[in-house]
Amino acid sequence: MAFRLFPLRRTRFSAGALARGLIAAVLVAGIGWGGALYAANQSIQGAKKTEDSGFDGDAPTAILIEASSGSVLFEKSADELRAPSSMMKLMTAEVVFNAIKKGDIKPSDEYRISENAWRKGGAPSGGSTMFAAINSKVSVDDLLHGAIIQSGNDACIALAEGIAGNEKIFAADFMTKRARELGMTKSTFGNSNGLPDPGNKMTVRELGILARHIILDFPEFYKLFGEKEYTWNKIRQPNRNPLLNSMEGADGLKTGYTKEGGYGMVGSAVQNGTRLIVVVNGLEDPEDRATEAKKMLEWGFRNFETRTLIAADQQVGYAKVFGGESRSVKLVAKTPVKVMVHKNGSDKLIARVVYSGPVRAPIEAGQKVGVVKVWRSGNIAVETPVYAAEAIGTGSTMRRAIDGASELVIGMFRAGAEKL
């Protein structure tokens, strides 16, 4: 597969079309201090793909991601909000992992199993439980084992109450806040465990983002998801993840079921040094859930390989500068920009630099400016931050005046176009 660099051609637009284009661009990338959006001053494009992806999953919502790059290999209604059921326990686990990492809590800290945790999530509840005894004290480490391996609702409630005082505060002030910090803009949480609640909504894309984050940022805790059983209160329970015993390299993450959400699963496996993450939701049968997740992972391993599009520190484009001693700044990616492509076939790839600009001077070397987005056959496959390759000082008074006048004219034209 060959790639070539080329500047975008200028295209004539009607005023109405220009206005619509600017609005669409703003929705995709956002505007920082109010300047215009500049995108794709350079592109990388491969040969046109000539055949279909060859996969059409049965799950109502699904996504398949390569973990290292975040490259999306397949998606189906990936941004549709659905009840995540027990898959939502991944968010509770991440909050706890992060609190331990920051030093706010320790794995040895003990939390009491309240009557509320026992009744709603323990033995009397009839749901998945750790079988923790009422009023007993259980360490954070053991509660994590119970929540992750045994899918214990009582373990999640005890963690929420121990950290935040009560479950509602934990869902609103800890889970939601942390989700937004991780770029999960759609997810909402009504409790800590995924039991039926109108507030529990997530997309398979955001579940995939969460799973990838846990895998990459908390490898020491991620090992819990691959443990096949755990015993508490003299009751041994197996891990509910069916992939652990049926697929080579499978080592996580979480299943879920509620009547509202159907059967869902977040799974991950490593083969030949490549890790894939699959998320499916909305299936009607637990066997279909396991079959669908396995089938999607096997399809990904069989049909894709990793290619490097842009090397680390290679110039990927430039950004327009406002009020600087230079009119533009070179942009680089600090890490290689990699994407998964079909082994046999001709994917169509387009890479574009997207940023809010022009970027105000002064600019520091290494300052984040925007992202390079790579599309494969019309879908975003990967996004990677791009940074200023050099420092740009503040320009002369005359330079700033000229740039200010230029932006004023452009702003007036844009405002006029939007009225048409």
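Which residues of α6 are buried? In α6 they are Glu167, Phe170, Ala171, Met175, Thr176, Arg178 and Ala179, where buried means under 20% relative accessible area, exposed over 50% and partly exposed in between, with a 1.4 Å probe and protein chains only. Keep in mind that this is a predicted model: local features need pLDDT of at least 70, side-chain atom pairs count only at pLDDT 80 or more, and totals for chains, interfaces and linings use all residues. Residues are numbered from 1 along each chain as its sequence is written, and side-chain values use heavy atoms, with hydrogens and water left out.

**Overall make-up**
- The protein has 10 helices and 19 strands; these are DSSP runs numbered from the N terminus, with helices being H or I of at least four residues and strands E of at least two.
- Of the 420 residues, 49% are buried.
- Taking contacts (heavy atoms within 4.5 Å) between residues at least 6 apart in sequence, 66% join residues at least 24 apart.

**Helix α6 and its neighbours**
- The buried residues of α6 pack against α2, α5 and α7.
- The 15 residues of α6 should span 21 Å at 1.5 Å a residue, and the end C-alpha atoms are 20 Å apart, which agrees; the expected span is 1.5 Å times one less than the number of residues.

**The nonpolar cores**
- The largest nonpolar core holds 58 residues, and Phe97, Leu143 and Val266 have the most contacts inside it; such a core is a set of buried Ala, Val, Leu, Ile, Met, Phe, Trp, Tyr and Cys residues joined through side-chain atoms within 4.5 Å.
- At least two residues of this core come from each of β3, α2 (89–102), α4 (140–148), α5 (153–164), α6 (167–181), α7, α8 (219–222) and β11 (274–283).
- α2 gives the most to this core, with 8 residues.
- Another core, of 26 residues, lies apart from it, and includes Val329, Leu349, Val382 and Val386.
- Not counting residues up to four places away in sequence, valine 266 touches Met87, Leu90, Leu207, Ala211, Gly252, Leu253, Lys254, Ile277, Val278 and Val279.

**The second largest pocket**
- This pocket has a volume of about 1100 Å³, a volume being the space filled by probe spheres set on grid points joined across faces, edges and corners.
- On a 1 Å grid over the protein atoms alone, a pocket is an open set of points where a 1.4 Å probe fits, with protein on both sides within 12 Å along at least five of seven lines, and lining residues have an atom within 4 Å of a point.
- α7 gives the most to the lining of the second largest pocket, with 7 residues.
- That lining divides into 12 nonpolar, 9 polar and 8 charged residues; Ala, Val, Leu, Ile, Met, Phe, Trp, Tyr, Cys and Pro count as nonpolar, Asp, Glu, Lys and Arg as charged, and the others, Gly among them, as polar.

**Threonine 384**
- Threonine 384 sits in strand β19 and is buried, with a relative accessible area of 9%.

- Glycine 252 and leucine 253 are joined by a cis peptide bond, with omega about 10 degrees; leucine 253 is in strand β9 (residues 250–258).
- A cis bond also runs from alanine 361 to proline 362, with omega near 0 degrees, and proline 362 is in the loop between β17 (359–360) and β18 (368–376).
- Serine 85, in the loop between β4 and α2, has a positive phi near 55 degrees and counts as buried at 1% relative accessibility.
- Asparagine 233 has a positive phi near 55 degrees, but counts as partly exposed at 45% relative accessibility.
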